[in-house]
Amino acid sequence: SLLQACEPSVYSTRKEEDEYADVDWDNLGFGLMPTDYMYQMKCAQNGTFERGQVRPYGNIELSPSAGVLNYGQGLFEGLKAYRKENGSLLLFRPVQNAIRMKVGADRMCMPAPSVEQFVDAVRETALANKRWVPPPGKGSLYIRPLLMGSGPILGLAPAPEFTFLIYASPVSTYFKEGTAPLSLYIENEFDRASRGGTGGIKTITNYAPVLKALSRAKSRGFSDVLYLDSVDKKNLEEASSCNIFVLKGNVLATPATKGTILSGITRKSIIEISRDLGYQVEERAIPVEELMEAEEVFCTGTAVVVASVGSVTYKDKRIEFGTGAQTACRRLYDILVGIQMGHIKDKYGWVMEI
Ligand code: COI
């Protein structure tokens, strides 16, 4: 009865149960763990998104002729919410994800939610799933917004209806290596993206095509694949799941975003932090030969965060790099994650407390 529900002892037991979901927080990796709620917002033919809603997490119904299923008209995003010691949640640069989705939507002929709609939806999804946000220090809630052509279409054209969805999953480290250094394999056969293509936006169609190279490399014991430019097979592009940085002396170099590599939000943040620390940061072409002579190599991404690269293998030649506590990589990781978790003062205005 209502009275019983309000009785103090019953209430306090319930509250404890509700505070955290029943999860083994010490053994999170990057696997999908369904949470309580997802967010859904549809957009009609006129290009305006109706009011979205938080609803129980579950399967969605799609026409077999949905644009996303037939022609890959889809985009995704990724961002994280950290739980602070005071119980609030911290989102990292959600406006950047909203803007990137708008840019990608334009390229894929889709309407996109406004920045305000996007950020509100992310906030609602995170708060609705709060009991799935790991305790401080155990990981974060990975939030995955999707935008897709959900309406039916047979001839090649933009779908007549679009759906914006967000789901979330608690996560910790992305790679099975945990925080141990990665071993990358430089791919010489397959390319990730080409000039004039969609490599610079977060379309779903950039990801399935690299599975072949990625599975092959993983079966040989590598953590990820590093792709080269498709024209000369000479300059670094990015890995399957993250951007790449190369350090020698005081010069920190990363491939320039010219439409073939993803404009990572972690990439952008690391560039800014590094400049403030006094590194000379260069966004430009990086030949493989330069990588082979680097002192440190590391990867960045929302899922990957900042991950040290211990070795790179290119044409049967394996080169090793500096790793461990005294590296720039570790220093940058500590600063970035410190800001994301609310332990370091956020002088950049990147963190949104909800
Ligand atoms: C992310 O880092 O959020 C990504 O979207 C990469 C994905 C391969 C997990």
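**Reading a predicted model**

Q: Where is the place of Val305?
A: Val305 sits in strand β15, residues 305-314. Strands (E, at least two residues) and helices (H or I, at least four) are DSSP runs, numbered from the N terminus. Residues are numbered from 1 along each chain as its sequence is written. This is a predicted model, so local features need pLDDT of at least 70 and side-chain atom pairs count only at pLDDT 80 or more, while totals for chains, interfaces and linings use all residues.

Q: Does Val305 count as buried or exposed?
A: Count the other C-beta atoms, placed from the backbone, within 10 Å of the residue's own: 20 or more is buried, 12 or fewer is exposed, and in between is partly exposed. Val305 counts as buried because it has 22 C-beta neighbours inside 10 Å. Its phi is near 65°, a positive value in a residue other than glycine.

Q: Which loop holds Cys109, and what is its phi?
A: Cys109 lies in the loop between α4 and α5. Its phi is positive, about 55°, although Cys109 is not a glycine. Cys109 counts as partly exposed because it has 13 C-beta neighbours inside 10 Å.

Q: Why is Arg220 exposed?
A: Arg220 is exposed because 10 other C-beta atoms lie within 10 Å. Arg220 is in the loop between α6 (211-219) and β9 (224-228). From Arg220 to Gly349 is 129 residues in sequence and 42 Å in space, C-alpha to C-alpha.

Q: How many residues does the largest nonpolar core have?
A: A nonpolar core is a set of buried Ala, Val, Leu, Ile, Met, Phe, Trp, Tyr and Cys residues joined through C-beta atoms within 7 Å. The largest one here has 44 residues, and Ala81, Ile143 and Leu147 have the most contacts inside it. The largest share of this core, seven residues, comes from β7. A second, separate core has 43 residues, including Tyr185 and Val305.

Q: What does Ala81 touch?
A: Two residues are in contact if their C-beta atoms, placed from the backbone, lie within 7 Å. Leaving out residues up to four places away in sequence, Ala81 touches Leu89, Leu90, Leu91, Ala126, Val133, Ser140, Leu141 and Ile143.

Q: Which residues surround the ligand?
A: A residue is near a molecule if its C-beta atom, placed from the backbone, lies within 6 Å of it. Gly78, Ser241, Gly301, Thr302, Ala303 and Val304 surround the ligand. For classes, Ala, Val, Leu, Ile, Met, Phe, Trp, Tyr, Cys and Pro count as nonpolar, Asp, Glu, Lys and Arg as charged, and the others, Gly among them, as polar. This shell has two nonpolar, four polar and no charged residues.
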